[in-house]
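Hi everyone, thanks for coming along. Let me put the structure up, and then I'll walk you through a few places in it.

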Amino acid sequence: MKVGVVTFPGSLDDRDALRAVRAVGAEPVSLWHGDADLKGVDAVILPGGFSYGDYLRCGAIARFAPVMDALVPAAQGGLPVLGICNGFQVLCESHLLPGALIRNDHRKFNCVDQRLVVENASTAWTSDFEAGQEITIVLKNGEGGYVADEATLDRLEGEGQVVFRYAASNPNGSYRDIAGVTNERGNVVGLMPHPEHCIEDGYGPSLDGLPFFTSVLRQAVSA
Amino acid sequence: MTQQLNRPAVDTVEHAATTPDVDQPWAELGLKADEYANIREIVGRRPTSAELAMYSVMWSEHCSYKSSKVHFKLWGENTTDEMREKLLVGIGENAGVVDIGEGWAVTFKAESHNHPSYVEPYQGAATGVGGIVRDIMSMGARPIAVMDPLRFGNLHHPDTQRVLPGVVAGVGGYGNCLGLPNIGGEVVFDDCYQGNPLVNALCVGAMRTSDIHLAKASGVGNKVVLFGAKTGGDGIGGVSVLASETFDEGGPTKRPAVQVGDPFAEKVLIECCLDLYKAGVVDGIQDLGGAGLSCATSELASNGDGGMQIELDRVPLRDASLRPEEILMSESQERMMAVVHPERLEEFLAITDRWDVEATVLGEVTDGDRLVITWHGDVIVDVPPRSVAHEGPTYQRPLERPAYLDALQENGTRTLAKPSTGDALRADLLTLLASPNLCDKSWVTDQYDRYVMGNTALAMPDDAGVVRVDEETGRGVAVSTDCNGRFAKLDPYAGAQLALAESYRNVATSGATPLAVTDCLNFGSPEDPGVMWQFREAIRGIAEGCKTLGIPVTGGNVSFYNQTGDVAIHPTPVIGVLGVMDDVARRTPSGWRTPGQVIYLLGTTRDELDGGEWANVVHGHLGGHPPVVDLAAEQLLGEILVNASRDGLVDAAHDLSDGGLAIALAEATLRHGVGARVWLDDVAARDGIDVFTTLFSESTARAIVAVPRSEEVRFTDMCTARGQVHARIGVVDDQTDGLDVQGQFTVSLEELRRAHQDTLPAVFGR
C-alpha cells in the first residue's frame, strides 16, 4: 500500500509522517505541493507545519496549491485523507471538513502530552481503536481552537463526526472539547494532535499514534 | 552621518581620492580616532562612505572581537593533539565541527542576541535563533536541534513582564516555524540582568563528514550568488550601534536597528541549501548575519585565495531608496551567499527556483587581492578584504582584579541562620522549590516544539537534551548548557569551571560521553578593567578545565557591554557541552518511575553553601567562595554514569546542582509523580556534616541514581572498583505520597507540585 505525504513550503512534520507510514509497513510517497499529481497513492497525509508561513489564516494559502486540485476530488471520491495540525487547518480551509481552527484561547503556542478520548472508531484512520479508548498524543500548536456554529456542532455530534475529544483538560478553548473531526463518509479525518510523534518507543510519550496508520493500512488491504 | 550617507551623489573611490579633507562621521559609526586613521592608512586615502560603513561594522566589538582576541590564544595553548583529533573544523569558521563516529559529524555553536532582545524582545530573540541556525547551515549541516539559555531580571519586576513573554514567544515563534526541536536551555532570574537580559541561542547540526562546507571564495571566475530574502532597511547599524554600546539611561530609542525575522523564509532556505549541498553545486558558502553583505563579501574573499568583484546595484531590494552604504550594512535576515562554479550555476538556479528562493549573481571571484564593489559602474569600494574581515584593531585592555572582591569573598554563609528542625527543613525545601530559579519552567518550555523531526529522546526538564542523528543505528548526541553567574561573580575562574563541570555532568548523566565544548561569554564593558579581569579569568578557567577534561572548545561567542551605567551583569560564561551516544535509546532520564528501585547518592558533600540557591532564596545573600572544582571527580562520575547507562545498571539519574540534593530529590519525584523514602543520617555522618548541609549544599561532582535491585550488586561493585564514593540513601516507593526524608519530614506530591508549578503562571497567567 502507498501512502502519500504532501510537502508544502513550510511543512515541518512531513518527514515524521513518512517515517510513521514506513513504521507500519506501508510505502511512503512524497508528494509536492506544486504538482497536481497524487502518484497513484492509496491514502494521503497532510502533515503539520506552517505552510507558506501561515502569515495569513492557517492553511488559507495551501488550500490553493496545485496538489489540492487533485486531492479535493479524490477525497470527495473516498480516498482516505488524514490532516494533522496544519493539515487539519488545510482540510477545513478546503471545506473537506467542517469548522475552523483559531488562536488558542490563552494565546500561546502550547506543546504538551495530551490525553484524548477516541469518540469514533469507525473512520478510515481510527478503526484500530475502540470507541471510548483514552490515548496520549503529542499536541503542539498556536492555533488549535476548534470552532463551528452551534448547528454544525450539533450535527457533528449527532452524526458521530466528532472523532477525538480532549480529556482531562481543554488545552486551547476548542468548542465542546473537540480535538478532531471526520467528514460524513468517514474517509477524511483531521485532528490537531500529532500521531506521527507517537510511534516509536523512546521518541515520544506513547505508541498511541500507531493505530492511525495501521487502521488505514487494514482498510486498504480489506478494500 | 545622515548628511554624509544621504547625499544624492555616490561617494566613489575616484571622488574620495580627490577630496581628502571631507569631514567623515567615523565617531557616529562607533569608530575611535586612531581606528579611522588606521583605515585611511590601509586604503591610502580617505575611505569612501561605503568603505567607512564596511570598516565600521566589521571593526565593531561584535564582529572583530577586538577586546577579547588577545585572550583567545589561551584556547590554542590548552588544546592538546589528542583533543584536536576529534575536531574536523576548529575555532574561526562559522561553527566548529566534531567527529561523532560512523561517518557522522556534528557542528554546534551558541551566540548571543542580548541587546536586540532587550530593545525588542520578540524580534530580538527570534532573529537570534535565525542567526545561529544559518551559522550551522553554512557548515553544510542540517540543523537538528536548538536550545536557549535565557537570563532575566527580577521575576517580579514590571519590565520582566515585558521582556520575558516577548523573548519566549520569539524563540518559540521562530524555532517552531523552522521545525527544529527545542530540547533544553536555561531560564535564570537575577536582579543583575534587569537592564541586560541575556538571550543566548545554541544550534546543533549534523552531516556526513564528507559534506562539510567552508566559508571561502576561491577559483577565479567562480560566481558569487546572493540568495534568500530581499535586502531591506532593517538592522542597519545593528552591529555597531546596538551590540557595542552600553545602554545609558535616557538615551534615544534604538528600535529601528533591530532586525525583523521571517521564519518561513528561513525554513525554505534550509531545505533549499540542503538540496544545493546534495547536488554538489556549492563551492563556498557564508550566511549573512551581523554586518550583512559587508561581512559576507569580505570574509568569503579574505578566506579565499583571490579577490572579489561585486556589483552592488544587483542586490534585490525591499526598499528601492536604500543607499549603497545602507545595503552594505543592512542586517536583513534569511540571506545566504554562495560561491558557485560557472558550469554549475544553471543547476544551482534550478534548485533555488524549485524552492521559490530568489537568487542573484552579484559578481565573481577575481585573481587580484582586492575586494572591489561597484554601484552602477562606479567603484565605491576597493580594499584588501583581509583588512576588513580579519585585520581589525586589537586591544590589550587593562585588567585588574576588582577591589570589592576581598570583602565579597570574606562574607560567606557561615553566620547565616540555618534551619535545625525537620519542619524548618521542609519549609526551606518548599520555599526553594517555588523560587524563580528552581521552579517548574513549563510555562516557558511548553511554548517550544520539542518533538518535531521525531528524533528527540530527552528534552527539558531532563538534565540534557538528547537527539538521534542516525535513524539506522540510533547514534546521537546530548547537549546541555549551564552557568551559575553568582559563582562566577565570587570567582570567575572557578565559576567558569563550575559551568563547564555542570554541563559536562549533565551530558554524562544522560548517558552520553562528553566530546566538545562551545561557549557564550556574556560580560560587562571591556573598558572596565575589573570586567576585563573577570573575562580573562573565565577564559583561563574554561581553557584549562577543558584541557583537564580532554574535550576541546570548538567555537563560541563573546558578548560585551552587558551593563547599565557603571553596573555590569555577573560574569556569565555559558558553557555548552556536547556528548555522543552509540544508541540514544539507552539514554537515562532524570525521574524515577519504578517502585522498589534503590536510590544512590554518588559523590561527597561538603559544607558548600556560598553562592548557592539556599543562601540566595532564604537570605538574599551572595558572598564567600563557590564550591570547590574537582574535575578528576567529575570525570570519574561521568565514566560511572556513562557505563551505567550503557550496561543498563540505572533507570534514572539526576545531577546535583542548584539547590543541592533537596531539589534533585524533589525533581526526580515530581518528574513522573512517583514517591521516594530517603534516609540521610548515615551519609551526613560519613561526610561530617549535618542533614541541612547534606540537603542544600551545592558541592560538585554529585548525582543521584535509581538502580534496579537486580543490578544493585553490579552497580556497587563498579563504583567500588573505580573508587567512586557512593551511598544507598533511599528507595523509590509508590506507597509514599511524595518525599519522606526519614526522621526529618514528609512532604506530599500535591504540596511539591503546588510549590513547583504555580510560580510562573502566577506572574504570567495560564
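One term before we look around: a residue is called buried under 20% relative accessible area, exposed over 50%, and partly exposed in between, using a 1.4 Å probe and protein chains only. With that in hand, go to A:C85, which counts as buried at 7% relative accessibility. A:C85 sits in the loop between β4 (81-84) and α3 (86-93) of chain A; helices (H or I, at least four residues) and strands (E, at least two) are DSSP runs, numbered from the N terminus. A:C85 is not a glycine, yet its phi is positive, about 55 degrees.

A quick word on what you are seeing. This is a predicted model, where local features need pLDDT of at least 70 and side-chain atom pairs count only at pLDDT 80 or more, while totals for chains, interfaces and linings use all residues. Residues are numbered from 1 along each chain as its sequence is written, chains are lettered from A and ligands numbered from 1 in the order in which they are written, and side-chain values use heavy atoms, with hydrogens and water left out.

B:Y561 lies in the loop between β18 (553-559) and β19 (563-564) of chain B, and at 6% relative accessibility B:Y561 is buried. While we are on backbone geometry, B:M460 and B:P461 are joined by a cis peptide bond, with omega about 5 degrees. You'll find B:P461 in the loop between β14 (456-458) and β15 (465-468) of chain B.

Now the interface. How many residues does each chain bring to the contact? Chain A brings 32 and chain B brings 31, contact meaning heavy atoms within 4.5 Å. The area buried between the chains is about 2600 Å², and carbon and sulfur atoms give 53% of that; buried area here is the accessible area (1.4 Å probe) that two parts lose on being put together, summed over both. On the chain A side, A:W32, A:C111 and A:Y203 lose the most area to chain B, together 24% of what that side buries.

There are 5 salt bridges between chain A and chain B, each a side-chain nitrogen of Lys or Arg within 4 Å of a carboxyl oxygen of Asp or Glu. One of them pairs A:K140 with B:D449, with the closest N and O atoms 2.7 Å apart.

Let's finish with aromatics. Rings of Phe, Tyr and Trp (its six-membered ring) pair if their centres lie within 6.5 Å; planes under 30 degrees apart are stacked, over 60 edge-to-face, and the rest tilted. Over all chains, the search finds 18 aromatic pairs. Take B:F152 and B:F189: their centres are 6.1 Å apart and their planes at 35 degrees, so this pair is tilted. B:F152 is in strand β4 (residues 142-152) of chain B and B:F189 in strand β5 (residues 182-189) of chain B, so the pair ties together parts 37 residues apart in sequence. B:F152 is buried at 1% relative accessibility, and B:F189 is buried with a relative accessible area of 5%.

Over in chain A, ring pairs link A:F129, A:F164, A:F212 and A:F213 into a cluster. That's my tour, so over to you for questions.
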